[in-house]
Amino acid sequence: MGRCSTLLLALLLGVGLIGLGLAGPFAESVRAQSAKAGKARPGAKAIKAARPDTKEEDDQDNPDDEEKEEGAAAGAQKAPTDSDSVLGTLMQRREAVQGLTRRGQSIANAPPFTVIEREPQLEFYPCADCHEDQTPNPKVRELKDEHTSLDFQHGGGRFWCYDACHNRKDMNRLVSLHGEPISFNEPYKLCGQCHFQRQKDWFFGGHGKRAGSFLKPREIPAEHSKIDFSKRNKIGTWRSDKRVLFVCTQCHDAHSPSIKPYQPSPPPEVRRGLTRHEEVREKHVTVWQSMEPAPRGKAK
Amino acid sequence: MMQLARFFYDGARQVFSGSWLYRVWMLGLGAVVLMGGLMYSQQLEQGMIVTGMSDQVSWGAYIANFTYLVGVAAAAVMLVIPAYIFNRQDIKHIVLIGEGIAVAAVVMCMLFVTVDLGRPDRIWHLIPLLGRFHFPQSMLAWDVVVLSGYLLLNLTIPFYILFSRYRGKEPDLRVYFPGVIIAIAWAISIHTVTAFLFSSNVARPFWHTAVLGPRFLASAFTSGPALIILALQLIDRVTELKVSSTVIDLIALIVTISLQINLFLLGVELFTDFYFPTEHSASAIYLYTGLHGFNALVPWIWSAAALNLVAVSILTVHRWRGKRALLNAACLMAVVGVWIEKGMGLIIPGFVPTPIGEMFDYVPTQVEIGVSLAIWAIGLMIFTVLARVAIPIELGTLSYAGGDRTSGAARRSGARGTPGPHHPPMH
Amino acid sequence: MTEDVSTASTGAAAISRRSLLRKGSVLGAVAAFFGVGSAAAQEAVKDDSALADMWGDFFQQHYKKMSPEEVQAAIARIERKAKREYGVELTVGNEPPLEGVVFGYALNISKCKGVRRCVEACMAENNQSRDSQIQYIRVLEMDYGRMDLTLADGYYSAEAVPRPGKFYLPIQCMQCENPPCVKACPVEATWKEADGIVVIDYNWCIGCRYCMTACPYWARHFNWNRPKVPAEEINTDTHYLSTRPRAKRVMEQSTFCLQRTRKGRQPACLEACPTGARIFGNLLDPNSDIRYVIENKTVFRLKEDLGTEPKFWYYTD
């Protein structure tokens, strides 16, 4: 049991740390493996792209030089601790299954991207403005004075603020399971610790949305109304070399992440001059609806 | 050259003179054409929005009539084969009538397709070299080729024969026989190609069946000759040309066998659709029983089934088929039955449900009915005009040498039949 | 079933126009026969009156046969017409397919909630006729446990979606690699471009609607009358082969917004989707989103058994 959870933790951490952009020994190892798979792109690009201080506009001027600097800086800033290297060794001995796509790419091979920053969009940011002098209260309770609109559905209510996400030492940041601070602009590093499959999809473009929409996803009103199409010319691109992504929290409310119901836009009409009469359809009855349910306990 | 000019002059004189019955007939048809023309101008003006067609059911009465009439056109071959291949003199005597029907039917086909076009002003895009003719990929391009070719064949061969007779010469078999052979193959091909026009659509499981081609031919050889039987009796009654009852007997036999085969093929289709109904049976279910509350075609198809069954019963029993009144009733029923089965009963359900499962009923509008009637009227006019010129030449009363002699030594052969209905049914 | 559709006649002007057009068809055939059709069109272009434009339209050659100058003249005619009819300044682009690009689309049906914002955005982007109610995307609502299109409902309306027990399947032009519509067209008015997008020359289509019959995805739509879009709703950023104002009584279908995508932008339906169910990209680029989805998700294509090779994949996760 203990061994199992250690391995799992190692995996999670591994994925998270690669996301963090550490040019450490195990990032090297993952890269080496993907290089073995033969189709790898230079991992450094993703590291650079996922760097903490990403801007909306990707600066493409001199990528190689910059990458080296960034890599070095990141390495210096967050040198791996002893426990990290132990996990790293474990990682090296394993096939990095979770990190690889079917083509053998790891997240480090994901095409470069920049993100739309969340911090300027946050209502109460910087958090420390209020929280500066307060001692964090880890007690699970009903919030009566502030943040009263929050709906704590995430994980079926099993998390409290500081359990997995918010950084009680630095209120302006989030925190990884390992205690590393994470910017509000890069929540994917946090979320990906559990939702690593989604995170992988997101890194490669299989999940989430690219920036440049008529509206930001959560700004599309739930009630049907005309979308503001005036912005239709200020939009994003499908190209894989110029990706600007929305981060997780742009679409998902971190406290209640499921996408809320929308009122659908109106149904189609038939052309002028014709009318369509309603279809008469028998309600679809499934096999299990048409038969008696199996008696309790006997069903295998 | 002089002879040619005289030929056309005499022909025109024939067309623009005649009994009061003839004049009333032509004027009546003219009135229908005028009415349809006005409706067509409305369609041009406002767009096809005045039809009952929609994105769901995108072809309607026009294409249904087109499909039916291609069959009628092809059916002329059922007179050409006994006349020229088996050298039946009694048929040879009236084969030009069959070819006249073919010409009228092909012209109607072309008109029906033209009125169905959204942009008839761009029809020149179909002309090879000038436009971009998508041949041989597009089945519609094939249809254009076979229909115009068939029209050409059915104009040139009878023209040669008639013009020879007009000049008092016997037409040279060696000249027109190759044309006849080509025309026979061509007649089969026009209807096969028209069937392929539909059965080539993978998107429409109702049509996407190999038996559609044979079914088209069988139904064509039912309804076309049935129309010819009615037309011949009418001609026998109102003109000098007398039709031998052996001719009617032979054509009646052709109608009988074709209708039997047609119903057999229909049964084969129905078995496939209904023994173990799949998603591909949805159109057939819609047609015969209605689906999800949509049942516009159900009364039509059951009427067609009843008409065809009664017709085939009458025709199959020798004694009944021999009775002219019963035969005529059966022919009328077969004509109408096949028209429903192959027109509305074949084209419309192909679109319902749509390829993504939407149910939508189609009902033709007044404009569509009016324009369709007008095209039928044009067809009848063409046939009348052709017959009006061809019959006196055939009888020898109209010739270059003799000019226009009224009546005379018509080559009477065989007994006169009981008069049939007054004119072919129009829809 | 059928309502009265008679509208006020557009008057004598239209009628004379029509009769001109009819005469035109005879003259046109003759002129074109002598190979002067395009020259006549060119001649007509120098004069920018409505009548001259109409003649220019009539003689206009197939898009692929026109010289660059003729295309520019055709575009100028479209822009003038839009100015006359709608009072809007139109930009009609003529961007060719991008090198090394073949577009593909993927749709995550487990993410699609049936919101239909894609339909709305499509209508706002593509200048479809409001009379003919042309919508390129049809979102089908289906019961859990089955995917029978004939039992699906494309007309659902609800207070909120997704409705319990239902899932949603949007259907639009699949940009088939082996498109039946292209094969069916008798005049080559529709063809597949180098970037895999099936396009229609609205000035060449004769309106026979055979492509509509041939399409297994019900993606093709017809302008049943003269297309009308409220002037204030017109999207002025158009392309000759997609969004430009349509001719009356011709076909049209989704082009994956080629007026946008050929400039590197994303299709409108994708941008409007609030759930991120839509993925678009270059199939030839191994790093594209679409390639990732195809290579890492279990995908399926609609009616693949027909051999049309659609470039529109559905997947779930």
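## Basis of the description

Residues are numbered from 1 along each chain as its sequence is written, while chains are lettered from A and ligands numbered from 1 in the order in which they are written. Because the model is predicted, local features need pLDDT of at least 70 and side-chain atom pairs count only at pLDDT 80 or more, whereas totals for chains, interfaces and linings use all residues.

## The largest nonpolar core

The largest nonpolar core has 254 residues, and the members that touch the most others are B:Ala73, B:Ile101, B:Met108 and B:Cys109. Such a core is a set of buried Ala, Val, Leu, Ile, Met, Phe, Trp, Tyr and Cys residues joined through C-beta atoms within 7 Å. A residue is buried if 20 or more other C-beta atoms lie within 10 Å of its own, exposed if 12 or fewer, and partly exposed in between, with C-beta atoms placed from the backbone.

Leaving aside residues up to four places away in sequence, B:Ala73 touches B:Ala102, B:Ala105, B:Val106, B:Cys109, B:Tyr150 and B:Ile190. Contact requires C-beta atoms, placed from the backbone, within 7 Å.

## A sheet in chain C

In chain C, four strands form an open sheet of mixed pairing in the order 10-2-12-11. Its edge strands, each pairing on one side only, are strand 10 (278–282) and strand 11 (299–300). Helices (H or I, at least four residues) and strands (E, at least two) are DSSP runs, numbered from the N terminus; two strands pair if DSSP finds at least two bridges between them.

Strand 2 (residues 103–108) of chain C runs antiparallel to strand 10 of chain C, and five bridges join them. C:Tyr105 has C:Phe280 in strand 10 as its bridge partner. Helix 10 (residues 289–296) of chain C packs on the sheet, touching strand 2, strand 10, strand 11 and strand 12 (312–315) of chain C.

## Helix 9 of chain A

Helix 9 (residues 196–204) of chain A has as its buried residues A:Gln199, A:Lys200, A:Asp201, A:Trp202, A:Phe203 and A:Phe204. Their cover includes helix 8 (187–191) of chain A and helix 10 of chain C. Just after helix 9 of chain A, A:Gly205 adopts a positive phi of about 100°.

## Contacts of chain C

Chain B places 45 residues in contact with 54 residues of chain C. On the chain B side, helix 2 (20–46) and helix 7 (139–166) are the elements that give two or more residues.

Between chains C and A, the contact takes 56 residues from chain C and 46 residues from chain A. Helix 5 of chain C gives the most to the chain C side, with six residues.

Note on methods. Two residues are in contact if their C-beta atoms, placed from the backbone, lie within 7 Å. Axes are lines fitted to C-alpha atoms, for helices over the stretch in contact, and angles run from 0 to 180 degrees between N-to-C directions.
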